[in-house]
Amino acid sequence: MEGKSEIVEVKTFPFPAGFNWAVGPMMERFIRTLAGRKVLGARCPGCGYTYVPPRSRCGQCQAAIAEKDVVELSGKGTLISYTNAHVAPDGNGNLKDLEKPIVVGAVKLEDADSVLFMPVEGVKPQDLKIGLAVKVRWREETKGAVADICCFEPVG
Amino acid sequence: MRRRVAIVGYAQSHHQHNMQKTREDMVFEVCKGALRHAGISREDLDTVITASTDFLDGRTISSVFVGMAAGAFLKDESKVEEDGTFALYYALMRVLAGTHDIALVEAHTQGSTMNAHQVSCFTLDPQFDRQIGVLNDIAAAALQARMYMNSHGVTDEHLAMVAVKNLSNAAANPWAHRKMAKVSVEEVLGSKVLCDPVRELMMSPVSDGACAVIIASEEKAREITSKPVWIEGVGSCQEAYIRDRDLGRLESLKTAARTAYKMAGIKEPAADLDVVELSEKFAHEELMAYESLGLCREGEGKRLIEKGTTGKEGKIPVNPSGGALGADPVCATGLVRVIEAAKQIRGEAEGCQVPKVRRALAHGQFGMCAQKNMVFVLGGNGS
Ligand SMILES: [Zn+2]
């Protein structure tokens, strides 16, 4: 045991915990509407800030946002930042090397203020730049789940 | 402030990758160390505040065995989540309220328990971002870095220069984790690309470590030490959730600093502060912080690193200890900055000492892309 720890290694984490979160009516509508290939936002009646996904309370001005404030967005947006991610957490507390780097983009949607953090696909490395016009690429079969949004891809 | 409060003792661990020590032992050692440094005993403490995060500790109510190791047995005690500077703020309020005179503040994380980057994913919105599954603190930092760099013509070399400054400063710090006396810009740029432009040496290491600080009311402080370090100003502010903030700037740090400066009577930070200790988890955050702290104008952060203004011999040294790039025992990192700043004022900073420090700033943060920020202005004429 010379120079070595006498601490016994105990592995009890991660534990399989199930949580049930109420998503609320706005988020439920957002998720269900994805089935029809539409992205919804919520425009604050107090300050005009538009949240995606919709929220029922405005953090900017603390107004209540109601279902009448839900707006339909184009699903198009602008890449305001991006990174080629070479590593990701492996779920067990370590970083793993990704087989192929993935592009993670920060996307500002048309007529919205929130920024979405999404995988970006179908862009040639030399075309990847801030300001690139992008749109949602939908999964082939949508079913009303967050996973219906496959990634963002260049417009046209 | 109505009542003056001073730092009268402190201690920190030798931060390292895997300490091979129980959390209880690690906490015990720094708390005993801080009491010894102050020359007081457990009986003198009125209250004990600890800081940690249950997720990082790998158990709920993780303070259960920490409080006793910190000397809190049958005393007023509380725990604050996240950074140790938040715990110091809480302890300061207790002393300012007049209900307590002497407080011990302890903070710790053992990164070897559960990787902090993994834990960062659990801080995201479970209904959306966690389901999309591509965001973590490193990717988020990379997005922030590129946004900031794009706005102000900052290059990868500028980020590498920050890393070179801090990692070589850390080499002179006996408590630091990542010490690289001879590191070069090329070596930093050549280190492993994690999420571009962020390389391995531009990101803080995951450390095991703890620290403790003892604060006291003016009357008690003068009894305890001839070199009190006064808390002259404090400010705290936080950003909205990552989807709804401007990632390209550290607006909450700006507000926190403005609040602390007002309290401390600081008008020109670059002239009034003698040293700054930052919790920069990524190199680009340091450049952004120069601007938010008012050490330069917006977009001019790169000039300070180019000109060596923030080097150990510069006009306003930043992170002479090596900062968070030198060691990052997550929840302890901000409180370590407070200790490093206090050491500078007392003339106890060993190889990291900067001459003639009267006023120092210490910064703590928590959350992705520095979501929550805390600024302390410390003062004294100890050395
Ligand atoms: Zn609003």
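A: The model is predicted, so local features need pLDDT of at least 70 and side-chain atom pairs count only at pLDDT 80 or more, while totals for chains, interfaces and linings use all residues. Residues are numbered from 1 along each chain as its sequence is written, chains are lettered from A and ligands numbered from 1 in the order in which they are written, and side-chain values use heavy atoms, without hydrogens or water.

A pocket here is an open set of points on a 1 Å grid over the protein atoms alone, where a 1.4 Å probe fits and protein lies on both sides within 12 Å along at least five of seven lines; lining residues have an atom within 4 Å of a point. The volume of the second largest pocket is about 450 Å³, counted as the space filled by probe spheres set on grid points joined across faces, edges and corners. Its lining has 27 residues, and those closest to the centre are Ala116(B), Ser120(B), Asp137(B), Phe366(B) and Gly367(B).

At least two lining residues come from each of α2 (54-57), α5 (116-121) and β10 (359-366) of chain B. Helices (H or I, at least four residues) and strands (E, at least two) are DSSP runs, numbered from the N terminus. Sorted by class, the lining holds 14 nonpolar, seven polar and six charged residues. Nonpolar covers Ala, Val, Leu, Ile, Met, Phe, Trp, Tyr, Cys and Pro, charged covers Asp, Glu, Lys and Arg, and the others, Gly among them, are polar.

Most residues other than glycine have a negative phi. Glu350(B) has a positive value, near 45°, and for Lys356(B) phi is also positive, near 50°.

Accessibility is given for both residues, where buried means under 20% relative accessible area, exposed over 50% and partly exposed in between (1.4 Å probe, protein chains only). Glu350(B) has a relative accessible area of 48%, so it counts as partly exposed. Lys356(B), at 73%, counts as exposed.
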